[in-house]
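User: I would like to go through this model with you, starting with the interface and then turning to some individual residues. Shall we begin?

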There are 2 protein chains.
Amino acid sequence: MAARPRTGPARPRLPDARQTMIAGAIDSLRVHGVSGTSVDRVLAATGAPRGSVYHHFPGGRTQLLGDAVSAAGGVMSELIEQLTRDNDPAQALEQFAALWRRTLRESDYRAGCPVFAIAVETTEDTPELADAATEIFARWHRALAGLLVRHDFPADRAARLATLTVAAVEGAIALSRVQRSTAPLDDAVEELRGFYATATR
Amino acid sequence: MAARPRTGPARPRLPDARQTMIAGAIDSLRVHGVSGTSVDRVLAATGAPRGSVYHHFPGGRTQLLGDAVSAAGGVMSELIEQLTRDNDPAQALEQFAALWRRTLRESDYRAGCPVFAIAVETTEDTPELADAATEIFARWHRALAGLLVRHDFPADRAARLATLTVAAVEGAIALSRVQRSTAPLDDAVEELRGFYATATR
DNA sequence: GTCTATACGAAGATAGAC
DNA sequence: GTCTATCTTCGTATAGAC
């Protein structure tokens, strides 16, 4: 990923304009999706001046979005890997769902998943985003399928069930957004957990 | 993409310019989402002239999108109601999935669900779209939950399982798009069908 | 009634002032 | 190195010609 193009020794970690813009882009991706995330919107949200974007992201809007997705995907992946390392399947799912319930409520049901935002839009001009999203989903799938295998699911069933879980949680988050209620997420997760418990292994 | 016969300078004045524009808007919603669906794009895809939009849709872009969602939602709802009337749960799901596999392949994994496109974007300027989408999802949920109840699921489990199904199918379609393969949809649906079969009633 | 021409603003990008 | 001013293109909408 893009390394710091600065010279000199250990630069102090200042509250970087670059990091701020990436955070703003992630927020916008969550709420407005890819097409809805304009440079203008990010600038308005962060208060950064216009030219700064092209100083920090020579590739312009495309690079800003790409870096935002990588950053968001990295953080979410680490979280999922931690949850799937320290819990059994039902617990991991429940903790993940709890975080999403909170995000939904705190954003007034406006914010969704920034990685999923890429999956629901075909953008001819930025195919690299699709590749990045695919990799991130694969990482989540790997973590979850591994957890299921460690809990005695056969590999093929674990793989399918991991896919179902990712699809269902992402889908339910979207339904919860439009319905302005966590009920779809709650219901989907409850059934999934029942599935984990009763599934033949 | 709307089929457009190129028969010289004079386009055949076909069924209805209005219907053609709605169809074009639906196609664009499927591929590019709400923010990505501009009037320009619909015009380019349909070959309709600029002013026609505001003649047929005095409410402009907002009305065009609203009518497109209503039309698409109506067609899809009738299909789902038919499938859930004439089949058992596993069959209905399989037939619905088969249609989506076909759509994914034929669109080269570019087209998704036009109603779901609304659920994944928060658009402050068009809240009526969210309401329309909510109603359509409710209609699908009703049809599916009813089918499950008729197949001996208790009402509360049927309701949750219907939510899980809608969320999982929509989520899996998106994953299939970005992954350019029907595998996510196939896997999610196979697990769901197993769930239908083994679930305690 | 259909379409062309255009006004007006938003958005991506760049040049150059400080 | 940061920001402002500006170019260009795209997008929504309207006026008005035919």
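User: How many salt bridges does the rule find across the interface of chain B and chain A?
Analyst: Eight salt bridges are found by the rule across that interface. Please keep in mind that this is a predicted model.

User: Which residue does B:Arg160 meet in a salt bridge?
Analyst: The side chain of B:Arg160 pairs with that of A:Glu191, with an N to O distance of 3.0 Å.

User: And how many residue pairs are in polar contact between the two chains?
Analyst: Between chain B and chain A, 19 residue pairs are in polar contact, counting pairs with both residues at pLDDT 80 or more.

User: Which helices of chain B each supply at least two residues of the side that touches chain A?
Analyst: Those helices of chain B are H1 (17-32), H6 (114-119), H7 (127-150), H8 (155-179) and H9 (183-198). The largest share of that side, 15 residues, comes from H8(B).

User: What is the make-up of that side by class?
Analyst: The side of chain B that touches chain A has 21 nonpolar residues, together with nine polar and ten charged ones.

User: How many residues are in contact, and what area do the chains bury between them?
Analyst: On chain B, 40 residues are in contact with 39 residues of chain A. The two chains bury about 3500 Å² between them, and 63% of this is on carbon and sulfur atoms. B:Arg160, B:Val178 and B:Glu191 supply 19% of the area that chain B buries against chain A, which is more than any other three residues.

User: Turning to B:Glu121, where is it found?
Analyst: B:Glu121 sits in the loop between H6 and H7 of chain B.

User: Is B:Glu121 buried or exposed, and what is the nearest side chain of opposite charge?
Analyst: B:Glu121 is buried, yet it has no salt bridge. The nearest side chain of opposite charge is that of B:Arg61, 6.9 Å away.

User: Which backbone nitrogen does the side chain of B:Glu121 reach?
Analyst: The side chain of B:Glu121 reaches the backbone nitrogen of B:Val34 at 2.9 Å. Leaving aside neighbours within four places in sequence, B:Glu121 is in contact with residues of chain A, namely A:Val31, A:His32 and A:Arg177, and with B:Gly33, B:Val34 and B:Ser35 of chain B.

User: A change of topic: where is A:Leu65 found, and what is it in contact with?
Analyst: A:Leu65 belongs to helix H4 of chain A, residues 60-86. Apart from neighbours within four places in sequence, its contacts are A:Leu29, A:Val34, A:Thr37 and A:Leu129.

User: Why does A:Leu65 count as buried?
Analyst: A:Leu65 counts as buried because its relative accessible area is 2%, and the cut-off for buried is under 20%.

User: What about the backbone: what phi does A:Asp108 have?
Analyst: A:Asp108 has a positive phi of about 55°, although it is not a glycine. Its place is in the loop between helix H5 (89-106) and helix H6 (114-119) of chain A. A:Asp108 is partly exposed, at 39% relative accessible area.

User: And what phi does B:Asp152 have?
Analyst: B:Asp152, which is not a glycine, has a positive phi of about 80°. This residue lies in the loop between H7 and H8 of chain B. B:Asp152 counts as exposed because its relative accessibility is 58%, and the cut-off for exposed is over 50%.

User: Lastly, where is B:Gln19 found?
Analyst: B:Gln19 is found in helix H1 of chain B. With 46% relative accessibility, B:Gln19 counts as partly exposed. The C-alpha atoms of B:Gln19 and B:His56 are separated by 9.6 Å, and the two residues are 37 residues apart along the chain.

Methods: Residues are numbered from 1 along each chain as its sequence is written. Chains are lettered from A and ligands numbered from 1 in the order in which they are written. This is a predicted model: local features need pLDDT of at least 70, side-chain atom pairs count only at pLDDT 80 or more; totals for chains, interfaces and linings use all residues. Side-chain values use heavy atoms; hydrogens and water are left out. Contact means heavy atoms within 4.5 Å. Buried area is the accessible area (1.4 Å probe) that two parts lose on being put together, summed over both. A salt bridge is a side-chain nitrogen of Lys or Arg within 4 Å of a carboxyl oxygen of Asp or Glu. A polar contact is a pair of N or O atoms within 3.5 Å; within protein, one must be able to donate a hydrogen and the other to accept it, and residues adjacent in sequence count only if both atoms are side-chain atoms. Helices (H or I, at least four residues) and strands (E, at least two) are DSSP runs, numbered from the N terminus. Ala, Val, Leu, Ile, Met, Phe, Trp, Tyr, Cys and Pro count as nonpolar, Asp, Glu, Lys and Arg as charged, and the others, Gly among them, as polar. Buried means under 20% relative accessible area, exposed over 50%, partly exposed in between (1.4 Å probe, protein chains only). Lys and Arg count as positive and Asp and Glu as negative; His and the chain ends are not counted.
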